[in-house]
Amino acid sequence: MHDEYRTANLLGAAALALSDVVVAEATRAVGTSSSGAAALVVLSTNPGLSVTELGRRVGLSQSAAARMVGGLEKQGLIRKEASWGGWVRLQLSDLGAQAVYALLASRGDVLRQALSRLDDCEQEQLGQLLSKLLTGLYRQPGDAERLCRLCDRCACVRDRASCPVGQADRDHRVSHERDHG
C-alpha cells in the first residue's frame with residue numbers, strides 16, 4: 001500500500017537538500033547572494049527589466065531589490081541604462097553574462113550528479129513526473145517567473161520540448177481570455 005505521507009516527506013527532504021546544494025553552488029559560482037544569482041539568470045533571458053520588476057521576479061521588495069542591484073552593479077555584473085520617463089532598464093554586463101554561464105553550468109553539474117543514481121528509464125520517468133508536479137505548482141500569472149528564477153531555460157526546451165511551467169502559464173492565459181474575453 002502506498003504511503004502518501006512518506007512520499008511527501010521524501011519529496012520535501014529531497015527538494016530541500018537539492019535546493020541547498022544548488023543555491024550554495026550558484027552563489028559560489030558568481031560570488032553573490034541567492035537573490036543576486038537569480039536576478040542574473042532572470043536578466044539573461046529578460047534584459048531591460050526595471051529594478052521593481054526584477055525584484056518582483058526574485059521575490060524581493062523594491063527597496064531590497066534596489067540594494068541588490070546596487071551590489072550587482074558594484075561587482076560589474078549588471079549595468080543600468082536610462083530609459084524614457086526616468087525609468088532605468090537593467091542589462092547584464094559581459095562579466096554578468098559570463099557569471100550566468102558559470103552559474104548555470106555549476107547548477108547543471110550538481111543536478112546531473114544527483115540524477116546519476118538513477119538509470120536512463122528512471123530519469124525519463126522522473127522527468128515526466130516533475131513536469132506534472134511543476135504544472136501543479138503553477139497557480140497564477142507571475143508564478144512562471146518565480147518558479148523558474150534559477151532555471152536553465154535552454155535546457156528546458158531542448159529538442160523542441162515544452163517547459164511545463166511555461167505551458168501552464170500559456171494555458172492559464174488562454175483559459176482566462178476565454179472566460180473573460
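Predicted model: local features only at pLDDT ≥ 70, side-chain atom pairs only at ≥ 80, totals over all residues.
Local features were considered at pLDDT of at least 70 and side-chain atom pairs only at pLDDT 80 or more, whereas totals for chains, interfaces and linings use all residues. Residues are numbered from 1 along each chain as its sequence is written, and side-chain values use heavy atoms, with hydrogens and water left out.

Helix H1 (residues 4–30) packs against helix H2 (residues 34–45) at an angle of about 75 degrees, and the two axes lie 9 Å apart. Axes are lines fitted to C-alpha atoms, for helices over the stretch in contact, and angles between N-to-C directions run from 0 to 180 degrees. H1 and H2 are therefore roughly perpendicular to each other, a class that covers 65 to 115 degrees, with angles under 35 degrees counted as roughly parallel, those over 145 as roughly antiparallel and the rest as oblique. Val-23, Ala-26, Thr-27 and Val-30 of H1 and Ser-34, Ala-37 and Leu-40 of H2 make the contact, defined as heavy atoms within 4.5 Å. Of the residues in this contact, five are nonpolar, two are polar and none is charged; the nonpolar class comprises Ala, Val, Leu, Ile, Met, Phe, Trp, Tyr, Cys and Pro, the charged class Asp, Glu, Lys and Arg, and the polar class the others, Gly among them.

Two residues at or beside this packing were examined further. Val-30, in helix H1, counts as buried at 9% relative accessibility, where buried means under 20% relative accessible area, exposed over 50% and partly exposed in between (1.4 Å probe, protein chains only). Not counting residues up to four places away in sequence, Val-30 touches Ala-37, Leu-40, Gln-75, Leu-77, Ala-99 and Leu-103. Val-30 and Arg-149 are separated by 119 residues in sequence and by 15 Å in space, C-alpha to C-alpha. Thr-32 is placed in the loop between H1 and H2 and is likewise buried, at 17% relative accessibility. Apart from neighbours within four places in sequence, Thr-32 is in contact with Thr-27, Ala-37, Leu-72 and Gln-75.

Side chains of opposite charge can pair when their charged atoms come close. Seven salt bridges were found in the whole structure, each being a side-chain nitrogen of Lys or Arg within 4 Å of a carboxyl oxygen of Asp or Glu. In helix H3 (residues 51–58), Glu-53 and Arg-56 lie three residues apart, about one turn of the helix, and their side chains meet in a salt bridge (2.7 Å, N to O). Glu-53 is partly exposed at 22% relative accessibility, as is Arg-56 at 43%. A network of salt bridges links Glu-53, Arg-56 and Arg-57.

In helix H9 (residues 164–180), Arg-173 and Asp-169 are four residues apart, about one turn of the helix, and form a salt bridge (2.9 Å, N to O). Arg-173 is partly exposed, with a relative accessible area of 38%, whereas Asp-169 is buried at 12%. A salt bridge also joins Arg-79 and Glu-81, with the closest N and O atoms 3.5 Å apart. Arg-79 is partly exposed at 38% relative accessibility, and Glu-81 is partly exposed at 28%.

Trp-84 occupies the loop between strand E1 (78–82) and strand E2 (88–92). Trp-84 is exposed, with a relative accessible area of 69%.

Note on methods:
Helix = DSSP H or I, 4+ residues; strand = E, 2+ residues; numbered from the N terminus.
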